Amino acid sequence: MLGVLLVAGVIEDKLIEFLTRWRPGVLVDPFSLLSAHTSDSDLLLASKRLLLIWLLQYGSYFLLILPLGWWRGRGGSAAYGITRAGRSWQFLVLAGVVTACLSEWPVLIHSLVDAVHPLGAMAPWRQAFFDMSWQRWQFWMFAGVLSYAAVPVLEELLFRGYYQRRLAESWGDGPAILGTSCLFVFAHRQYLIPNLYNVTMVGSLFCLALGLGIVFAYTRSLLPGIIAHAIINIPMTVPWQIALLAVFAIGTIVAFRSGTTALREVWREPKIRACLFLAVVCALYVLASQRMPLLQTLAMGLLGLSIALQVGEKRRKGA
C-alpha cells in the first residue's frame, strides 16, 4: 500500500510528460488561471484542465491497484466499496446524511470562524477561488470539478475503497480507519502552510476523515461517504453555513445514538498499539514523501518486495 502511494506518482509524471509532448499546453496548471476577476472562459478552461489532471492522478493509482487486486483475488467493483452491500438506497443515503451531521461540524465551524475573523493566509489559489464572483454557472462547474462532484467520488474510491479496505484486511477496522485518516489529511498539501487557519483545518479534516472511515467500515459501501463528503465540499456563503450548522446540530441530537452504535460495532476490539503505529507511520510517510524525492525509489522497492512476498506466500499455500 505504501509502495502504491508513491509509485502511482511516478506513473502520473510519465503520463503527464507524454501528454505534454503530444499536446503542449493541455496540462498547464489550472490554478494559475484563478484570480478575483477570472473570466467565464478561463473558468471553463480551468475546469477542463483540472478534470483531466484528476483523471490522470487517480487513474495512475488504479493502474496499479486494479491489477494487484485482481492478482490477489480481489476483483470486482464490490471489493472497492462500489456496492450497496445488501442495504437499501434509503439506508445508505440516510447514513451519509448522519455521517455529515456527526463528523462535519468542526469543518463548518472552522469556516464560519474564518469568515468572521480570518485565521491566517490560505494557499493563493484558494483565496482567489473564494474572492471571485459566485453568481455564474461557470463558477459552479469549476467548483464541481474542484470540490463537491468529482473529488468526493475519486477520493472515497482511493482512500476508503482501497487504502482503508486494504489495511483492514491485515490490521482490522480501527487501525485502518486511523491510518487512512492520516493519509487523507496530510495528502491535502494546501493545508500544510503553518498558521492558525491550516492547523485548525487539519484537525477539522481529521474529524471528517474519521467519520468517513467509520461509515465505510459499518456499511461496507462508499455511497454514504461520497454523500457526506459532497455535502461539506459545497461552497457556501455565511448565511448558508449557519443554516447548515443548525441542521447538523439537530441531526446530531437525533442521530447520536445511531452513531455511537456504529462506532461500537466498528471498534469492538480496539488494538491501541496498532492504531497508534499505523497513524504515525502513515502520517510521517506522506509528509516525508512531499520533501524527500528519494522516497519514490524506496516506494518502488517496497512495492517490488511486497509482490515478491505475495508470490512466496502463494507458492507455500500451493505446496
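Contact here means heavy atoms within 4.5 Å, and with that in hand we can take a friendly tour of this predicted model. Residues are numbered from 1 along each chain as its sequence is written, and side-chain values use heavy atoms, with hydrogens and water left out. Because the model is predicted, local features need pLDDT of at least 70 and side-chain atom pairs count only at pLDDT 80 or more, while totals for chains, interfaces and linings use all residues.

- Leaving aside neighbours within four places in sequence, Y163 is in contact with M1, L5, Y61, L158, T180 and L183.
- Y163 is also one of four residues, with W54, Y61 and F142, that touch the most other members of the 83-residue largest nonpolar core. Such a core is a set of buried Ala, Val, Leu, Ile, Met, Phe, Trp, Tyr and Cys residues joined through side-chain atoms within 4.5 Å.
- Helix 2 (residues 40-71) gives the most to this core, with 11 residues. Helices (H or I, at least four residues) are DSSP runs, numbered from the N terminus.
- I65 lies in helix 2 and counts as buried, at 1% relative accessibility. Buried means under 20% relative accessible area, exposed over 50%, and partly exposed in between (1.4 Å probe, protein chains only).
- Beyond its neighbours within four places in sequence, I65 is in contact with V4, Y80, L158 and Y162. I65 and L50 are 15 residues apart in sequence and 22 Å apart in space, C-alpha to C-alpha.
- W71, also in helix 2, is partly exposed, with a relative accessible area of 26%. With neighbours within four places in sequence set aside, W71 is in contact with I307, Q310, V311 and K314.

**The second largest pocket**

- This pocket has a volume of about 690 Å³. Among its 29 lining residues, V98, T99, L102, S258 and G259 are the closest to its centre.
- On a 1 Å grid over the protein atoms alone, a pocket is an open set of points where a 1.4 Å probe fits, with protein on both sides within 12 Å along at least five of seven lines; lining residues have an atom within 4 Å of a point. Points are joined across faces, edges and corners, and the volume is the space filled by probe spheres set on them.
- Helix 3 (89-103), helix 4 (105-116), helix 9 (196-219) and helix 11 (238-266) each supply at least two lining residues. Helix 11 gives the most, with 11 residues.
- By residue class, the lining holds 20 nonpolar, nine polar and no charged residues. Ala, Val, Leu, Ile, Met, Phe, Trp, Tyr, Cys and Pro count as nonpolar, Asp, Glu, Lys and Arg as charged, and the others, Gly among them, as polar.

**Cysteines**

- The structure holds zero disulfides, a disulfide being a pair of cysteine sulfur atoms within 2.5 Å.
- C101 is in no disulfide, and the nearest cysteine sulfur, that of C207, is 15 Å away. C101 counts as buried at 5% relative accessibility.
- The sulfur of C275 is 11 Å from the closest cysteine sulfur, in C182, so it is too far for a bond. C275 counts as buried, at 5% relative accessibility.

**Positive phi in the loops**

- A85 has a phi near 55°, a positive value in a residue other than glycine. A85 lies in the loop between helix 2 and helix 3 and is partly exposed, at 34% relative accessibility.
- R220 has a phi near 60°, again positive in a residue other than glycine. R220 is found in the loop between helix 9 and helix 10 (223-233) and is partly exposed, with a relative accessible area of 40%.
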